Amino acid sequence: MPISYQRKTVGEGIALTEITDKKFKSNYICISFVSPVDAVNAPLNTLVTEILACANAKLPTLVDVSKHLGYLYGASLATRSRRVGDMQENGLSVEYICDDFTINKEVISDKAVDVLLDCLFDPLLENGLFCEKYVSMRKKELEDNILAELNDKFGYSNRKARETVYEGEPAAVSMLGTVENARSITSQQLMQRYSELKSSANIEVVMCGRNFDSVRAKIVDKLLTLDRVSIPPVTYRSLSPLKQTTAYKHETQDVNQCKMIMAFKSPYEDIYVAKVFAAILGGTPTSKLFSNVREKMSLCYYCSSVYADIKGTMIVSSGVAKENIKKAEQAVLEQIKAVKRGEFTEQELENAKIYLCTGFKSNNDSIYRMAEYYIVQNYRGTAYPPEKACDIFMGITRQQVIDCANTFGYDTFYVLEPETEVDSDE
Amino acid sequence: MNKQIIRSDELDEQYTLVHHSSGLDILMWKKEDFSTVEAYFGTRYGSINNCFKTDDTDGFISVPDGIAHYIEHKLFESDDNSSVFELYAETGAAANAFTSTDITAYYFSCTDNYEKSLEILLDFVRSPYFTKENVEKEQGIIAQEIKMGDDSPTRKCFKNLLKALYVKHPISIDVAGTVESIAKITPEIMYKCYDAFYDLHNMVLAIAGNIDEQKVLEICDKTLKASPDKHLESFFPQEPREVAKKTIVETGTVGIPVFSIGFKADACEGREYLKRSVIAGMLLEQLIGQTSPLYNRMLEDGLINSTLGTYMYTGSVKYFCCMIEGESADPQKVCELVYEEIGRLIKEGIDAERFEIDKRVRYGEKVSSINDVKACAEAMLYYRLDSKKLTLFDDLDIIASLTVQECNSMISELFDIQRSSLSIVTNKQ
């Protein structure tokens, strides 16, 4: 493969991952602060990164930033705020077309990287605090985002289910917080949090694209100017304990279709085996859930399973009519029992493995997916190329899958359902 | 068989168009060093094609709404009761399909053995198997899909906007139809529609990745039989200039109201259509893009948030709209300000500096858009299905030669306030 992968520590708690492949026409660079999730800091982290993306000392308005990026052939600057198990990543990324493909090979890469570094480390300040105009604007937007959580029923049901699945764990904390909290956040708190992130959060730099020779040193030099305290390495994997009895949570809303989410947990070590189990169960269009619960029983429009290795949790999601909820729950449980009993063919096992391999290998073809692939490898403390991960998948045996399936216990049932009563045959 | 190379020297990229003897247009883009192969087999058939005729029909016939989407679901089943997904499972390809207002397409993505996956694709799309039992069985699943769509305020808002903008055009009909309309679908009607719209003369195969073009053609030669052109013709009622409704408001469970503002313009075709699309995109950026005074004023005032987006909703010859959508506590106020800004642009003209910047943005977008195999396959499909007169690289010349004056001259036509509508989904009071 022509892909080159390198990961190295470039400063105290600062790691740089560089993935290059000449077939790409653009470059992607992401710089993230990684810190433990907690209810106080989560919305502050989100807000800090949103404010940083608005302006910087050299481009003092949002319009200036947008125009400058436009001039760089539509380079894009994006915020990145997401939870990874009990940790969170907050940062900015830039994507720009490579100098080889600009008109007359105009050099723009250093300018695009300057925008990223200036926004992150040379913010627009007023009296030592973030510019009030952008603080107010982003606080209002945070409020809007909290209110708008209701607008997306998928996202809403997933967030609400998560609160029960990971109850008492950092992973249950909302990244946005409450409207009241958003309103009460002060500029001083934001500045304090920004300083903490720069000094004591782990910093992950991920570069993926055609070539970074002209910008690598600039990025590292900038990061080395930060005052850093001693920072322990991050441990991402933090298994969620299985509840003693399954938690049931029903929520009503003005919806037409029920969103049913079931969580199963296991301390099983080998995440690749667990992924094959989840794929056989509900990860492919020939999986047990799709072919039986959806196709044969016509119980739902979608029914799939995904394994979150960081938390050791498998989530089964489906869209069901209210009158079919109980039947659908039982049907899902029955399919899991079937895998536990080894009721799957060699062909089903092989199909699941090949399907996973196709997905893994296709990561090679996109700068985002490739960056994301290696970020996730880093969470796992490995640096397997997709081909190596595929070799692992293909070596997994039927007995491993059965053993793995039998370690999963039923943890949570959550459903978002319509307010109105329906006739039920049960 | 007629072969044509379509090339861009600026981007150093090219793809091949072959008019296959079966009647099918085949587009192939060899992307060396890429791992995946993406293939789309599509037809010019969507929810708007609910009245049509061919050489085989006795004049125009009307069919129930949602049938194109219904056929898409049912083509995945075969006469031996097996699923197409089982065949794909052996090659490792990830396969799916979609139906839009004017396109139905079936696709796969794979990293190995693309030849076998291509054979499966060409074979199952050409082998319909509709029975009373399997058609009835699908009604429950599609009804669930319709209900799921109804739970999205954004989708509801968009659907309502189309109903407000269009008086007669079937574009305002939901792609999946309604629970009532799909109940009227029978195997007989499905076969009639299939025979009309899945005629190879009405279809396109687009494939990109590390492919061997000769091998692709050999598979097509082996799998596809030459078929006579049935002279398919869809009927669309004459759409009046004016909109059906200026404002449409619906309630739902939303944390913050969502809105869509649409501007109806006349449909056109060929290079004029492409040029108009480029101009519309640039005018939307001038009007309410991230570098515009209006966007930034409303953002700072908290009237909008950064979910605000713009896009064109277009089909060559058929329809042309410019859309603005987002979230706001006061969508009416947003709409008023948009109308005011249109008035100012008509009077003062667009910002020349931002226009030049936007030309660079569009060039950069074009480079980025061909950075991955899936995007290349999709782009070839969409361009070819939308218009036989256009290629994927035609807009590069249009962007390069476009002037401020040309953009100014189109503002009144593309953003005619009299031909606009506002759709809002707000919370129950």
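Predicted model: local features only at pLDDT ≥ 70, side-chain atom pairs only at ≥ 80, totals over all residues.
Me: How many bridges join β2(B) to β3(B), and which way do the strands run?

Reply: There are 4 bridges between β2(B) and β3(B), where β3(B) covers residues 25–30, and the two strands run antiparallel. They form a hairpin with 5 residues between them. In that turn, B:Gly23 has a positive phi of about 110 degrees.

Me: And on to β1(B): how many bridges join this strand to β2(B)?

Reply: Here you get 7 bridges, linking β1(B) (residues 2–8) with β2(B) (residues 13–19), again antiparallel. For one facing pair, look at B:Ile6, which stands opposite B:Tyr15 in β2(B). This hairpin has 4 residues between the strands, and B:Asp12 takes a positive phi near 55 degrees.

Me: What about the sheet with β11 to β15 in chain B: what is the strand order?

Reply: Read across the sheet and the order is β11-β15-β12-β14-β13 (chain B). This is an open sheet of 5 strands with mixed pairing. Its edge strands are β11(B) (247–252) and β13(B) (309–315), each of which pairs on one side only. From one strand to the next, the twist averages 20 degrees.

Me: Can we zoom in on one pairing? How many bridges join β12(B) to β14(B)?

Reply: Count 8 bridges there, between β12(B) at residues 258–265 and β14(B) at residues 319–327, with the strands antiparallel. One pair to click on is B:Gly262 and its bridge partner B:Met323 in β14(B).

Me: Which helix lies across β12, β14 and β15 of chain B?

Reply: That's α11(B), residues 331–348. Helix α11(B) runs at about 35 degrees to β12(B).

Me: Now helix against helix. What describes two packed helices?

Reply: You need two numbers: the angle between the axes and the distance between the axes. Take α9(B) (residues 270–288) and α14(B) (residues 394–401), which pack at an angle of about 55 degrees with their axes 10 Å apart. That angle is why α9(B) is called oblique to α14(B). The crossing of these two helices is right-handed.

Me: Which residues of α9(B) and α14(B) meet?

Reply: From α9(B) come B:Arg271, B:Leu274, B:Lys275 and B:Val278. They meet B:Asp394, B:Asp395, B:Ile398 and B:Ile399 in α14(B). By class, the contact has 4 nonpolar, no polar and 4 charged residues.

Me: Let's zoom out to domains. Where are the two domains of chain B?

Reply: The domain assignment of chain B puts domain 1 at 2–234 and domain 2 at 247–427. Their centres, taken over C-alpha atoms, are 27 Å apart. Across the boundary, 40 residues of domain 1 are in contact with 32 residues of domain 2 in chain B. On the domain 1 side, several elements each supply at least two residues, including β1, β2 and β3 of chain B. Helix α5(B) gives the most to this side, with 10 residues. The class breakdown of the domain 1 side is 22 nonpolar, 9 polar and 9 charged residues.

Me: And chain A? Where are its two domains?

Reply: For chain A, the assignment gives domain 1 as 4–224 and domain 2 as 247–418. The centres of these domains of chain A are separated by 30 Å, over C-alpha atoms. At their contact, 22 residues of domain 1 touch 24 residues of domain 2 in chain A. Elements giving two or more residues to the domain 1 side include β1 (4–11), β2 (14–20) and α5 (153–165) of chain A. The largest share of that side comes from α5(A), with 8 residues. By class, that side has 12 nonpolar, 7 polar and 3 charged residues.

Me: Last one, the chain interface. How many residues of chain B are in contact with chain A?

Reply: It's 52 residues of chain B, in contact with 52 residues of chain A. Elements of chain B that supply at least two residues each include α2 (84–91), α4 (132–150) and α12 (352–369). The biggest giver on the chain B side is α12(B), with 9 residues. By class, the chain B side that touches chain A has 18 nonpolar, 20 polar and 14 charged residues.

Technical notes: Residues numbered from 1 in each chain as written. Chains lettered and ligands numbered in written order. Contact = placed C-beta atoms within 7 Å. Nonpolar A, V, L, I, M, F, W, Y, C, P; charged D, E, K, R; others polar. Pairing = 2+ DSSP bridges. Axes fitted to C-alpha atoms, helices over the stretch in contact; angles between N-to-C directions. Parallel < 35°, antiparallel > 145°, perpendicular 65-115°, else oblique. Left-handed = near helix turned anticlockwise from the far one by under 90°. Domains from an automatic or database assignment.
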